[in-house]
Amino acid sequence: MTVTKQSHLFTKTRREAPADETAKNAQLLIRGGFVHKEMAGVYDLLPLGVRVLNKINGIIREEMNAVGGQEVHLSALQNPETWKTTNRWDDEVVDNWFKTELKAGGMLGLGFTHEEPLTELMKNHISSYRDLPRAVYQIQTKFRNELRAKSGIMRGREFLMKDMYSFSSNEAEHLAFYEKAKEAYFNVFRRVGLGETTYLTFASGGSFSKFSHEFQTVTEAGEDTIYISKENKIAINKEVFTDEVKKDLGLGDDFIEAKAVEVGNIFTLATKFSDALGLTYKDETGEVKPVFMGSYGIGPTRLIGTIVETLADDKGIVWPKSVAPYDVHLVVIGSEKPDVATHAEKIAADLSVQGFDVLLDDRDARTGEKLGDADLIGIPMRVVISEKTMAEGKLEAKARTADAASFMTFDEVVEALKS
RNA sequence: CGGGCCGUCGUAUACCGGUAGUACGUCUGCUUUGGGAGCAGAAUGACCGAGUUCGAUUCUCGGCGGCCCGACCA
């Protein structure tokens, strides 16, 4: 795997949070050099941030592929004609379009979701029951002209979304896939370290199903209020929290109210888009039928913010191993001494050979700054190399969440990293 | 979009109707080196526009921008 020298990294950490950010996620991500704020609700991802994003996206891809999802990448620019078909072009109907003009004349939109173009596209590829079911997904930039951006990277005007769409021949086939997708979603949230705090939440379902399912992670930074059932770990969104719904779900009255952020949402579209855009297939008898659809979204950038919000401590970010930008932060104390520096590079290379990504802090900086930055950046394992550790013939390792460091042999460190 | 607060180096602030100072941070050099060190030096700022005025960073108006509450969140 790779070794990145911190002296080579172009980003720098900041001691102080910028004044115009109050959200914890943005403050820490900016201080650590993961993101740069371009303007309200618009953030750039820097090298460390990209590494985290790639980890998250990797997990999402594995889970989507596991349920048969096929990855695509649709355009962000949208043709108004497609959207007029479903009456979703008009600003009166959809109030958060970013629209722009074509020099050659005419309008374009920047996609805030992709049901229309993908349904249109699939008309070229679905025509028989033999072509079903299918699931197609992408991880792509979405644009939403929010009246008010807020909460750091949790609610931006430009953000990444993994959106998957399923195409089934009927409701039963759809529901079978829907359940698999639901499990895949749980897997994603568990794997990125949010399993304990993320609840399947019943929310309003739109026109074609009673409920949609949201995945809500409990955090004070959230915008939603949910009611978590003490009986069986599911929750109800405040927007549909009525006696009738409680009864429908067979739940009593024992709930905990919590603020939460919607990190995922899956819902049944039924034939809304296939009817409007003419996506049909012929069944075994030759009868023409509309394709039955579902939609499944996760916001990778919002997930980054949520992980920071829920797991950070007073010293900085705490990344779960699965999404950390590096596996180990190798901090050299006394890096100006040639023998220490050489030894550190050797250890870094050895760790790399063992399959770990290493961030090597070889900067000529003070100990306090280096250790403080290590806490801020939040890599799960910190290993210190100094004259002291060399004299011991060992390494000094400390998990980000541990209180104290301990001396370990190289093999013991490798073991700890693997566990 | 309704409401509120607010725009002075990166951050926090000071002063002032006469073109801006301090601290921390940043940069350079030297010394230092186990939880943000010392010395010396340096760079960096009045959001934009109009008006009032001899003169505006300061006063007035208008834009633009930021944050927060609400609404919205396919």
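**Notes on the predicted model**

1. His329 has Leu359 of strand S19 as its bridge partner. The model is a predicted one. The pairing concerned is that of strand S18 (residues 328-332) with S19, which is parallel and extends over 4 bridges. Strand S1 (residues 3-5) is likewise joined to S19 in the parallel sense, by 3 bridges, and here Val3 is partnered by Val358 of S19.

2. The side chains of S19 (residues 358-361) deserve a separate remark. Val358 and Leu360 are directed one way, Leu359 and Asp361 the other way, and all are buried. In general, side chains of a regular strand alternate between the two faces of the sheet.

3. Strand S9 (158-168) has 10 of its 11 residues buried, so S9 is largely enclosed by the rest of the structure. It is joined to strand S8 by 10 bridges in an antiparallel arrangement, and to strand S17 by 7 bridges, also antiparallel. Asp163 of S9 takes part in both pairings: Asp163 is the bridge partner of Gln138, and the partner of Asp163 in S17 is Gly297.

4. Which residues of helix H4 are buried? In H4 (residues 115-122) they are Glu115, Glu116, Leu118, Thr119 and Met122. The elements against which these buried residues pack are helix H3 (80-85), helix H7, and strands S8 (134-143), S9, S14 (255-270) and S17 (292-298).

5. Helix H7 (residues 272-277) contains Ala276. With 16 other C-beta atoms within 10 Å, Ala276 is classed as partly exposed. Leaving aside residues up to four places away in sequence, Ala276 touches Thr85 and Thr86. Ala276 and Leu376 are separated by 100 residues in sequence, and their C-alpha atoms are 50 Å apart in space.

6. Helices H1 (residues 24-32) and H8 (residues 300-311) pack at an angle of about 100°, and their axes are 8 Å apart; the two helices are therefore roughly perpendicular to each other. The contact is made by Lys24, Asn25, Leu28 and Leu29 of H1 with Gly305, Val308 and Glu309 of H8. By class, this contact comprises 3 nonpolar, 2 polar and 2 charged residues.

7. An open sheet is formed by 3 strands in the order S5-S7-S6, with antiparallel pairing. Strands S5 (77-78) and S6 (98-101) stand at the edges with a single partner strand each, so one side of each has no neighbour in the sheet. Between S5 and S7 (residues 107-110) there are 2 bridges, and Gln78 has Gly109 of S7 as its bridge partner.

8. The remaining point concerns RNA strand B. Of the 39 residues around RNA strand B, those that come nearest are Ala19, Gly368, Glu369, Gly372 and Ser386. Helices H10 (367-377) and H11 (387-392) each supply at least two residues of the surface near RNA strand B, and H10 gives the most, with 8 residues. By class, this surface has 17 charged, 13 nonpolar and 9 polar residues.

Terms used. Residues are numbered from 1 along each chain as its sequence is written. Chains are lettered from A and ligands numbered from 1 in the order in which they are written. This is a predicted model: local features need pLDDT of at least 70, side-chain atom pairs count only at pLDDT 80 or more; totals for chains, interfaces and linings use all residues. A residue is near a molecule or strand if its C-beta atom, placed from the backbone, lies within 6 Å of it. Ala, Val, Leu, Ile, Met, Phe, Trp, Tyr, Cys and Pro count as nonpolar, Asp, Glu, Lys and Arg as charged, and the others, Gly among them, as polar. Two strands pair if DSSP finds at least two bridges between them. Axes are lines fitted to C-alpha atoms, for helices over the stretch in contact, and angles run from 0 to 180 degrees between N-to-C directions. Angles under 35 degrees count as roughly parallel, over 145 as roughly antiparallel, 65 to 115 as roughly perpendicular and the rest as oblique. Two residues are in contact if their C-beta atoms, placed from the backbone, lie within 7 Å. A residue is buried if 20 or more other C-beta atoms lie within 10 Å of its own, exposed if 12 or fewer, and partly exposed in between; C-beta atoms are placed from the backbone.
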